[in-house]
Amino acid sequence: MEQLKTIGRELAMGSQGGFGQSKEFLDLVKSIGEARSKAEEDRIVLSEIDILKRRLLEPDVPKRKMKEYIIRLVYIEMLGHDASFGYIHAVKMTHDDNLLLKRTGYLAVTLFLNEDHDLIILIVNTIQKDLRSDNYLVVCAALNAICRLINEETIPAVLPQVVELLNHQKEAVRKKAIMALHRFHRKSPSSVSHLISNFRKRLCDNDPGVMGATLCPLFDLISEDVNSYKDLVSSFVSILKQVTERRLPKSYDYHSMPAPFIQIKLLKILALLGSGDKNASEIMSMVLGDLFRKCDSSTNIGNAILYECIRCISCILPNPKLLEAAADAISKFLKSDSHNLKYMGIDGLGRLIKISPDIAEQHQLAVIDCLEDPDDTLKRKTFELLYKMTKSSNVEVIVDRMIDYMISINDNHYKTEIASRCVELAEQFAPSNQWFIQIMNKVFEHAGDLVNIKVAHNLMRLIAEGFGEDDDDADSKLRLSAVESYLQLISEPKLPSLFLQVISWVLGEYGTADGKYSASYISGKLCDVADAYSSDETVKGYAVSALMKIYAFEIASGRKVDVLPECQSLIEELLASHSTDLQQRAYELQALLALDARAVETIIPLDASCEDIEVDKELSFLNGYIQQAIESGSQPYISERERLGMFETTDYHSQDHHEVPSHALRFEAYELPKPSVPPQASTELVPVPEPSYYSESHQPISTSLVSERESSEIKLRLDGVKQKWGRPSYQSTTSASSTTQQAPNGTTSHSDAGVGSSSSKPRSSYEPKKPEIDPEKQRLAASLFGGSSSSRTDKKSSSSGHKSAKGTVNKPATIPKEIPTPVQPPPDLLDLGEPTATTISTMDPFKELEGLMDSSSQDGGSTDVMGLYSDTAPVATTTSVDSLLSELSDSSKGNSHTYQSQTSKGPNTKEALEKDALVRQMGVNPTSQNPTLFKDLLG
Amino acid sequence: MIKAVMMMNTQGKPRLAKFYDYMPVEKQQELIRGVFSVLSSRPENVSNFLEIDSLFGVDSRLVYKHYATLYFVLVFDGSENELAMLDLIQVLVETLDKCFSNVCELDIVFNYSKMHAVLDEIVFGGQVLETSSAEVMKAVEEISK
């Protein structure tokens, strides 16, 4: 603070020139800097607002003063206060003729207003005028403002001028015009869709800066639609080559790297174009290899390019040589002391591991170091990597680690994410049900309220259904262990609501099943839960239902039921509850206690949550009765609609229709409940009984019991699919799971493999940890990576099943690419020896495009490349290669040969060299526009 | 795309904030505070990167650099390279240093419009426009002639 003051004083005395501020502003900033509390700061700012309001109203404020006021307004708003009273003055200032004032006006306006603000309309006109200005600085200011102030509706007002500026003589203006067009494209792609060819054209601008700017919109366009830009692959490659060969002017160097930002953008674009495209991957592999050799890994920016290469290599079709280079680069990153580089290394590892799973092995210890690093960012990145490389052999270690970390952090956003990842991994790779339940308990305990409710339902179903194999013994053991763990946990304070619901349900269903615990013990615990969480109605509801089940099982087995006093008082309390749901449950429980064993057994059979319940919607069992009634003179059945109005209680399914009797007044709002029923049955992959629960429980006792069954009936509809936690399609946390089933060819068989191995394989092939006494890290490493090293061969098939299953979850579309790659090593990539390389370099798209540009100017200034094309070379449209470049090269004889030699594989060095010379000659040839890009070539 | 450029001092006072998509004033404040609370809890000698989905939405990263009393912060999405963004901060700081010869916190406060002029030459509409500080200087000098 002291230092600040002295500097402030110096400033006040000395540097007043140019951007000079008044004493007033200086004092304001200083006093805010010294404010000790937010309240004090607010007070200062509020008084400043008062001052400014008064000052702005004064007549004839000198412009210089006004400029300062506006800056002060901006400052106020940056501190979080409303400065809208002064917006209009900022707008006025944009009209000023003085450039500095105008810029200040534009600056304030872009900071204050959003594109839909009413005042924008006052600015559009000024912008239009400024875009036409002779002073390119004014034009730049206007272009800058456009990026923030123009919305979909106002784009047409300025679009023609911006397009015109693409040909402005100043490269700074061209650059900004391209960026502005890019911005328009982002805001409303349709408004500029007819202008996209301009981006292609500007790619061959004489100024490398303009070309670099063009890469930004092209990157966006290509990521939207890769296939329309495949023809540009060789152009991008050759630009990248030229950049790396330092053919750009020295002024583009940054820290002795040639135009690194352009290189990075190009690599990003190449990654998009090369993904899944053998031809494109081959073309770019050469230059990628060069980059690895040339990159200076001692500078930050050099590493940025290296990382981008790794990224690119992980996207294109695998090439063994490049992968090796990438792996080397990664190990350099990981060995570095810089956390930033380690971070990039871990990220790169996560990308490469998809292609060559073995690569992680050699970096085991580095990865574990990162996992234990105090740097949170690095830790999270490492967890992401672990998540990607999880398989059944290391799932236990990884998930344990994740849970430990989950417990240690407070950031709810990330907690949710890591919890859902734990659940996903546990569902996919769990070695045993016991373990799965343990993990789930931990997740619920520590992140319960952040977990998706479906996870809870899955857990309940798993406990109910058990292994799915016909091993009742194992199932009951599983349940017992669940019950035991829950009884231990239940007394912990402050459990999440969702977890308590699971606990209550399991205790109700299986608490007394083994006879280990008495009914009174369990019911006592359940009453405790209902007491302790008395504000949570859902938990209470679950607890009461659980009590009902416990008592029902007792009655059914013929034992005498002693209702605990606390339980009795709970029932009484709930009988008077404000919640109709709880009231209802209490009444049901009370009624049930009075029934005899036989009746109770039919109402709540033991362990029947998984039983199929057939609901006879036709009510055919009543046929005899109806027949009788009709015979004895009753009215026959008339129409369903009408009948619905009368027999409210029998058909619970049409409950929703009941509320809309045909003759009653109908308002639109009544329709709302309807849609809530069908989507549940049809779209939900894992049906959740919960939502329907409340509406059903408004029914009288008889139907509500049925409704409980009904909910389990929904559950059991899935049974036919035989889903278990071991299978990716089951997991419900990601929406991608539904696509798993839709994914074509092979995916289904893979996921089958996943099921087979997840339940049986882990136990057979899971390696016991080595007995030798290693340092702890090594042990951890072994458990994380060991699976892949020692028993890789026999695991390959099954673990690839896992991998693919996991891949499906992440991004289903890439599966077909990823799986075949290791099997067929691309032979052609290695063929790229010297001769081919020279052929590629002869294809100099810059020059070819330039040739076009020249002819286009002769052609009477037609701006449309494509149009120009069909004029000069009508044959082009018939050529099979639908590419701008190839068409272009058709127009000049020499080039067309080059193109052919590139497509036909056998490279002829001599011919290629000849053509190279020819093309170069043409490129640098006569016209006035001598591209700086190729200056070096001439010399 | 770059989503935001921020400069704040080590007490959390914003010195410059520019969002490349419109944000209401309250949201800006919330984000600045959020970013500051994350930054101030970071230990020394750790990486300069943060994944900041919780504040800026899916796939948001943040790169920061701590100079004397100031944090320089860039927020961007997956289409940018973290290390390169770190160098972009470097470019910005180098340029400011040339502009104000030994830039300090108060230079930034008192030369608000020049600051923005510099920034606008480096980042334009959320994209990197120029990375040579000499070129940026030239453009800014041209403007203030």
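Predicted model: local features only at pLDDT ≥ 70, side-chain atom pairs only at ≥ 80, totals over all residues.
Biologist: How are α16(A) and α3(B) oriented to each other?

Modeller: Start with the axes of α16, residues 300-315 of chain A, and α3, residues 82-100 of chain B, which come within 8 Å and cross at roughly 155 degrees. Angles over 145 degrees count as roughly antiparallel. So α16(A) and α3(B) are roughly antiparallel.

Biologist: And which hand does the crossing of α16(A) with α3(B) have?

Modeller: Picture α16(A) passing α3(B). The hand of that crossing is left-handed.

Biologist: Which residues of α3(B) does α16(A) meet?

Modeller: From the α16(A) side, you've got A:Asn300, A:Ile301, A:Asn303 and A:Ala304. By class, the contact has five nonpolar, two polar and one charged residues. Across from the α16(A) group, the α3(B) residues are B:Leu83, B:Ala84, B:Leu86 and B:Asp87.

Biologist: What classes of residue make the contact of α25(A) with α26(A)?

Modeller: On α25(A) the contact uses A:Arg479, A:Ala482, A:Val483, A:Tyr486, A:Leu487 and A:Leu489. On α26(A) it uses A:Phe499, A:Val502, A:Ile503, A:Val506, A:Leu507 and A:Tyr510. Sorted by class, that gives no polar, one charged and 11 nonpolar residues.

Biologist: Let's turn to cavities. How much space lies in the largest cavity?

Modeller: The count comes to 14 cavities of 30 Å³ or more. In the largest cavity, the space is about 340 Å³.

Biologist: Which residues are closest to the centre of the largest cavity?

Modeller: Its lining has 26 residues. By class, they divide into six charged, eight polar and 12 nonpolar. Closest to the centre are A:Phe261, A:Ile262, B:Val128, B:Leu129 and B:Thr131.

Biologist: Which element supplies the largest share of the lining of the largest cavity?

Modeller: In chain A, α12 (208-224), β1 (253-254) and α14 (260-274) each supply at least two residues, as does β7 (127-128) of chain B. The largest share is six residues, and it comes from α14(A).

Definitions and conventions
Residues numbered from 1 in each chain as written. Chains lettered and ligands numbered in written order. Heavy atoms only, no water. Axes fitted to C-alpha atoms, helices over the stretch in contact; angles between N-to-C directions. Helix = DSSP H or I, 4+ residues; strand = E, 2+ residues; numbered from the N terminus. Parallel < 35°, antiparallel > 145°, perpendicular 65-115°, else oblique. Left-handed = near helix turned anticlockwise from the far one by under 90°. Contact = heavy atoms within 4.5 Å. Nonpolar A, V, L, I, M, F, W, Y, C, P; charged D, E, K, R; others polar. 1 Å grid on protein atoms, 1.4 Å probe; cavity = no way out; pocket = protein on both sides within 12 Å on 5 of 7 lines; lining within 4 Å. Points joined across faces, edges and corners; volume = space filled by probe spheres on them.
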